[in-house]
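Here's a quick tour of a few local features worth a look before you set anything up. Load the model and follow along.

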Amino acid sequence: MKRILITGGAGFLGSHLCDRFIKEGYHVIAMDNLITGDLRNIEHLFKLEHFEFYHHDVSKFIHVPGELDYILHFASPASPIDYLKIPIQTLKVGSLGIHNCLGLARVKKARVLIASTSEVYGDPLVHPQTEDYWGHVNPVGPRGVYDEAKRFQEAMTMAYHTYHGVETRIVRIFNTYGPRMRLNDGRVLPAFIGQALRGEDLTVFGDGSQTRSFCFVDDLVEGIYRLLLSDYAQPVNVGNPNEITIGEFAEEIIKLTGTEQKVIYKDLPKDDPKQRKPDITRAKEILGWEPKVDRKEGLKVTYEYFKAFSKERLFEEAKHREF
């Protein structure tokens, strides 16, 4: 039985990856310090024989006994509110954390796949974004702690690949949504749905003309699974190229939830990307992958997940987490 370590395993994406690899017959070891992860995302797995959980910070030395075939490094704050509140931890998990994972991979002769991000492209001057674009990032701006942590992580991963011969894979993840997102993480989809369910007006930052491309989590997990098992070491964009403005998206959420709230507008945060759309030619050619879940279908599943929350949880999770 193949053994896989998933860092950030109690997070939104990490927990879905745990589910997928359990389903594929792997022995899964999830690791999370729970600073932004939530045990509720993986509690259904605790009873399984081939699932383990390590409550540990990957920025500190990692020891996993026994053989290890694969490592997925998904530990990191991943939303603006989180990484603006915990900037040092964000930088550490993308530097010390990846160094520890790569060191472990070298000893165990394991293959590593790292979760990079479309944020490596910054506020892009090229549209849509291809993997050959080097980006337009402000390293000293408020978002720089996340963008540069991920860019460093890619550089460290490639250095281990070329210098030590470690098998590595790099996925650049574009906006993803689905069940288990945190309502208070500051990202647009849970923010809109949370506001709608609480009867609040929907907050759009800027004039609503900025674009995002939303990929349903099941599609993303399939792309990651294929990339891990491929022979391709260069970065690969995985996301949905179906682009929509934030203003249009707000109207979609109002229609979906059947609420009658207004849309209110606030100032756009500094360095917030105006456009975000992946070029997925490489994923199509190398992985035979493209998204299958229509946004209308994916939003319905996501809305049903949040709609099941108790009123207390809806309002409790609206508060931004203190660290």
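## Ground rules

This is a predicted model, so local features need pLDDT of at least 70 and side-chain atom pairs count only at pLDDT 80 or more, while totals for chains, interfaces and linings use all residues. Residues are numbered from 1 along each chain as its sequence is written, and side-chain values use heavy atoms, with hydrogens and water left out.

Helices (H or I, at least four residues) and strands (E, at least two) are DSSP runs, numbered from the N terminus.

## Helices α1 and α6

Helix α1 (residues 12-23) and helix α6 (residues 217-228) have axes that come within 10 Å and cross at roughly 65°. Those axes are lines fitted to C-alpha atoms, for helices over the stretch in contact, with angles running from 0 to 180 degrees between N-to-C directions. The α1/α6 crossing is right-handed, meaning that the near helix is turned clockwise from the far one by less than a right angle.

On the α1 side, the contact (heavy atoms within 4.5 Å) is made by Phe12, Leu13, His16, Leu17, Arg20 and Phe21. Helix α6 brings Val217, Leu220, Val221, Glu222, Ile224, Tyr225 and Leu228. Sorted by class, that's 10 nonpolar, 1 polar and 2 charged residues. Here Ala, Val, Leu, Ile, Met, Phe, Trp, Tyr, Cys and Pro count as nonpolar, Asp, Glu, Lys and Arg as charged, and the others, Gly among them, as polar.

Pro128 sits in the loop between β5 (111-117) and α4 (144-164).

Two non-glycine residues with positive phi are also worth a glance. Lys109 has phi of about 60° and sits in the loop between α3 (87-108) and β5. Arg180 has phi near 85° and lies in the loop between β7 (176-177) and α5 (188-198). Are they buried or exposed? Lys109 is exposed at 74% relative accessibility, whereas Arg180 is buried at 16%. The cut-offs are under 20% relative accessible area for buried, over 50% for exposed and partly exposed in between (1.4 Å probe, protein chains only).

## Arg3 and its neighbours

Arg3 belongs to strand β1 (residues 3-7) and counts as buried at 17% relative accessibility. Leaving out residues up to four places away in sequence, Arg3 touches His27, Ile29, Glu52, Pro65, Gly66, Glu67, Leu68, Asp69 and Tyr70.

Which backbone oxygens lie by polar atoms of its side chain? For Pro65 the distance to the Arg3 side chain is 3.2 Å, and for Glu67 it is 2.4 Å.

Note on methods. Polar contact = N/O pair within 3.5 Å; in protein donor to acceptor, adjacent residues only side chain to side chain.
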